[in-house]
Amino acid sequence: MTERPAISGIEPYSFEDMLDILDELDVPGYKAEIVRGGFVLSPWSKGYYHRVMEQVCEQLKPYLPEGHHISCGPFLYVFPGDACAYGPDVHAAHEQVFETESNRLDGEALSFVAELTSPSTRNDDLTGKVEVYAGAGVPVYLILDMQQQEATVYGSPSAKEYQIRIKKPFGERLPIPDPFGCILDTSQFHRPKKNTQS
């Protein structure tokens, strides 16, 4: 499911065709996105990711730009110029972007995105999504690398890159760039301790 599908083995689907197919996909236990013109499936998040996502929302909520909302709900943001459609783990956007019956939201309306990596999505979270989010002008992109237990935040987008990049291990305080201008406490982002009792 990572290759760009073809119609009759000759012509690739258009981005709109792929969005229509995405609407019809039934893949229990997986989340489907469009990455550079191909479908990519990733497993549902581990339970403790919910705690981390909720903490990100709670800490950033007081610093949201006026009229913006933050959520960890499953919404699809589209980036037609990059043939990408992402369902970010945590996202903030202006309230007007949600006033639609469409399930395809404008990626350029985002003010903040956070992705929590999994082994299957980590590479794209760390590389491809940086370019796409920067190119769409998303002011702040936060990557929580759940495998390496570290956080990287990007700010000040320009073309296909960000001018600001700050990395901290989980447990440290991470400055979040404008328009938030706050500090994110990552001390509770670690994976749960294993129960050693028999």
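This is a predicted model: local features need pLDDT of at least 70, side-chain atom pairs count only at pLDDT 80 or more; totals for chains, interfaces and linings use all residues.
Which residues are buried in α4?

**View 1. Helix α1 and its buried side.** Helix α1 runs over residues 15-24, and its buried residues are F15, M18, L19 and L22. These four span an arc of only 105° around the axis, which means they sit on the same side of α1. As for what they touch, the buried residues of α1 pack against β3 (30-35), β4 (38-43), β6 (76-79), β7 (84-86) and β9 (104-106).

View 2. The largest pocket comes out at a volume of about 750 Å³. Its lining has 32 residues, and K31, A32, W44, P74 and G87 are the ones nearest the centre. By residue class, that lining splits into 16 nonpolar, 8 polar and 8 charged.

**View 3. Helix α4, well tucked in.** Here is the helix from the opening: G128, K129, V130, V132, Y133 and A134 are the buried residues of α4. That is 6 of the 8 residues in the helix (residues 128-135), so α4 is largely enclosed by the rest of the structure. Just past the end of α4, G137 takes a positive phi of about 80°.

**View 4. P139 and its contacts.** P139 sits in the loop between α4 and β11 (140-145). Setting aside neighbours within four places in sequence, P139 is in contact with L110, S111, Y154, G155, S156, P157, Y162, D178 and P179. For a sense of scale, P139 and H68 are 71 residues apart in sequence but 13 Å apart in space, C-alpha to C-alpha.

View 5. A cis peptide bond joins D178 and P179, with omega about 15°, and P179 belongs to the loop between β14 and β15. Strand β14 (residues 173-176) shows a covered face, L174 and I176, and an uncovered one, R173 and P175. β14 pairs with β15 (residues 182-185) in the antiparallel sense over 4 bridges, and C182 in β15 is the bridge partner of I176. The hairpin has 5 residues between its strands, and G181 in the turn has a positive phi of about 55°.

**View 6. Positive phi without glycine: Q149 and A159.** Q149 lies in the loop between β11 and β12 (150-158) and has a positive phi, near 60°, without being a glycine. A159, in the loop between β12 and β13 (161-169), is likewise not a glycine and has a positive phi of about 55°. Which of the two is buried, and which is exposed? Q149 is buried, with a relative accessible area of 13%, whereas A159 counts as exposed at 61% relative accessibility.

Note on methods. Residues are numbered from 1 along each chain as its sequence is written. Side-chain values use heavy atoms; hydrogens and water are left out. Buried means under 20% relative accessible area, exposed over 50%, partly exposed in between (1.4 Å probe, protein chains only). Helices (H or I, at least four residues) and strands (E, at least two) are DSSP runs, numbered from the N terminus. The arc is that of the directions from the helix axis to the C-beta atoms. Contact means heavy atoms within 4.5 Å. On a 1 Å grid over the protein atoms alone, a cavity is a set of points where a 1.4 Å probe fits but cannot get out, and a pocket is an open set with protein on both sides within 12 Å along at least five of seven lines; lining residues have an atom within 4 Å of a point. Grid points are joined across faces, edges and corners, and a volume is the space filled by probe spheres set on the points. Ala, Val, Leu, Ile, Met, Phe, Trp, Tyr, Cys and Pro count as nonpolar, Asp, Glu, Lys and Arg as charged, and the others, Gly among them, as polar. Two strands pair if DSSP finds at least two bridges between them.
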